[in-house]
Amino acid sequence: MNLREARALALSAVLAGAALAGVLFLNLPREAPSAVLWKVRLPEALAALVVGGALALSGLLFQLILRNSLADPYVLGVAGGAAFASVVTSLLLGAATPFFPGFSLQAAAAFGGGMATLLLLLRASEGGTGRLLLAGVVANTAFAAGARLAAAFLAPERLPSVTALLVGYIPTPPLPVPLLLALPVAVTLARFVKQGRGLDLLLLSDDEAESLGLAVAARRREALILAALLASMAVAVSGMIGFVGLLVPHAARMLAGRRHKVLVPASVLLGAAFLLAALLVSKLASGWWILPVGVYTSLVGAPAFLFLLWRDAGRETP
Amino acid sequence: MIALRKVRFAHRGRPLLLKGCDLAAGPGEVVALAGPNGAGKSTLLRIAAGLLAPEEGEVELDGRPVRAWGRLGRAKRLAYVPQRPLLPEGWKVREILALGDHPHRERPLAPRPLSARLAEARLWLDLDGVWEREAETLSGGEAQRVAVGRALVQDTAHYVLDEPANHLDLGHQVALYRLFGAWAREGRTVLLATHDLNLSLLFGQRLLLLNGEGVVKAFPEGEEARGRLLQEAFGLSFEPREVSGGCVCWFPRVEPGDRVLSTECAGERSVPNKEGGRP
């Protein structure tokens, strides 16, 4: 690891730490601060930390698998599948049906829907990157249309929960929920930091990577499964929070360069920092209005992304 | 040593492409494979590199089936450069070259330190001017040199290169062929596909022709046999010309009307007939 990479990791960690401290301690109420801290702030902060890390990591992996830096966790239909399954479950079963402490049946369905899409993706990935992208985008559109159709039949009082799912929010879950999601993030992190350069080789053509000794098909399948798993779990916990998965890997590349050994942990830290900061902003603004956190990530993320595109527009091939 | 015996192959849903190809390239040899478009040169090279399994026939690397070496084992012995290398967007040239070190990351360690191999690639492929440039800013020829440079960093006993001189200017083509000569003198094996018969002949490479019938033929001795084989393979008549050093090069026979600068008026534009000549 060189100096720049070490500095990028340290900066990411500091940002994540600062945002975490802000969410935990800023504006603690005078009465019963410790109860609020432990029962509300900590679960919320942990949920934001883990969801942010999971989305950023999932986005980085999808960008790698598709060799396209415009990919995000939602582009390949995983989120569409999750939304569709969740809305249909609401339609069939009524309002949030408890399933597991802190999880509704709708959330579980969202996870299942996301993972079901993975089966399609695994089949399509055998036909190459282009086919994978096409299959994913078309599946996403179909699922989104299906979710809208199902939502049209939904009783009006249940619509807010569907809207929340589509915009993204940070729940106040019981502690086991963020810890459960932290597990696949940790596993993915450990696995890919260890693979290091092997992951970088996926950016080459299949023949080149294979001739350098990489088991391309197996490595790509593994990355696809983990990326879909992380995205599905994140959607199940907090709905479809936008732009974390798209923007954060770009920020990580600007800070830390191109090597995935460093990009993977940097993305997790920066994703956590970004979502925690958005949560902090939504809390600070709650004196005036109450909006789900997904609104803020998109409000900041979309212009930031457009700025990156605008800045890079001039420097293409000679 | 790369050896292919009786290799047969068809791409899925297509007619048989390779109909029993034999090919052997030993240490210290530079073997150039020529042939018409779509004859199967790239397919044959991918089979030789162990990236594609033939339907029938044997593919050996140093006396063992190429697939028996395992991926990493093979990657330590054989480097492959495809016809259209894909350079990762945003990566600097020196970072892309360092990817060639991948098979040596695990023990046993590479014979020479990475920094020495990087310096050698920088020198041989003339990458000084683009060393810190990002992949998407490179011209076609520069990108091609980076891909060959990565194979050099891989530092293997065998090199399989698919039209490695693509997009290169003449100066860099000559430098590249000198590199192949240096590899051969070090006892390495080089197998390449090419369309430039004469450059291969000038550099003393052993020429093979993959003709339209899916069979590999050696470039025979004797001008008459050579002319006949070229005519069969490319559907053109060729004429030999001796150049300095006694090497005989081959050029397609050109009709007076083919020349753009001919003095008489070319008349109306006409579509070539089936034989490739003018009506």
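Visitor: What makes strand 9 and strand 10 of chain B count as a pair?

Guide: Two strands pair if at least two bridges are found between them. In this predicted model, three bridges join strand 9 (residues 206-210) of chain B to strand 10, so the two count as paired. They run antiparallel. One residue to look for is Leu209(B), whose bridge partner in strand 10 is Lys217(B).

Visitor: What holds paired strands together in general?

Guide: Strands of a sheet pair through backbone hydrogen bonds, either parallel or antiparallel.

Visitor: Let's turn to chain A. How do you know whether its radius of gyration agrees with that of a compact globule?

Guide: We set the value against the expectation. For 318 residues, a compact globule would have a radius of gyration near 20 Å; chain A has 19 Å, which agrees. Its C-alpha atoms fill a box of roughly 60 × 45 × 40 Å along the principal axes.

Visitor: What makes a residue of chain A count as buried, and what percentage do?

Guide: A residue is buried if 20 or more other C-beta atoms lie within 10 Å of its own. By that cut-off, 50% of the 318 residues of chain A are buried.

Visitor: How do you know that the length of helix 10 of chain A agrees with its number of residues?

Guide: Helix 10 covers residues 216-238 of chain A, which is 23 residues. At 1.5 Å a residue they should span 33 Å, and the end C-alpha atoms are 33 Å apart, so the two values agree. In total, chain A has 13 helices and two strands.

Visitor: Which helix of chain A gives the most to the side that touches chain B?

Guide: Helix 9 does, with four residues. The contact takes 18 residues from chain A and 23 residues from chain B. Helix 8 (197-201) and helix 9 (206-211) of chain A each supply at least two residues of the chain A side. That side divides into six nonpolar, four polar and eight charged residues.

Terms used
Residues are numbered from 1 along each chain as its sequence is written. Chains are lettered from A and ligands numbered from 1 in the order in which they are written. This is a predicted model: local features need pLDDT of at least 70, side-chain atom pairs count only at pLDDT 80 or more; totals for chains, interfaces and linings use all residues. Two residues are in contact if their C-beta atoms, placed from the backbone, lie within 7 Å. Ala, Val, Leu, Ile, Met, Phe, Trp, Tyr, Cys and Pro count as nonpolar, Asp, Glu, Lys and Arg as charged, and the others, Gly among them, as polar. The radius of gyration is taken over C-alpha atoms; the globule rule is 2.2 Å times the number of residues to the power 0.38. A residue is buried if 20 or more other C-beta atoms lie within 10 Å of its own, exposed if 12 or fewer, and partly exposed in between; C-beta atoms are placed from the backbone. The expected span of a helix is 1.5 Å times one less than its number of residues.
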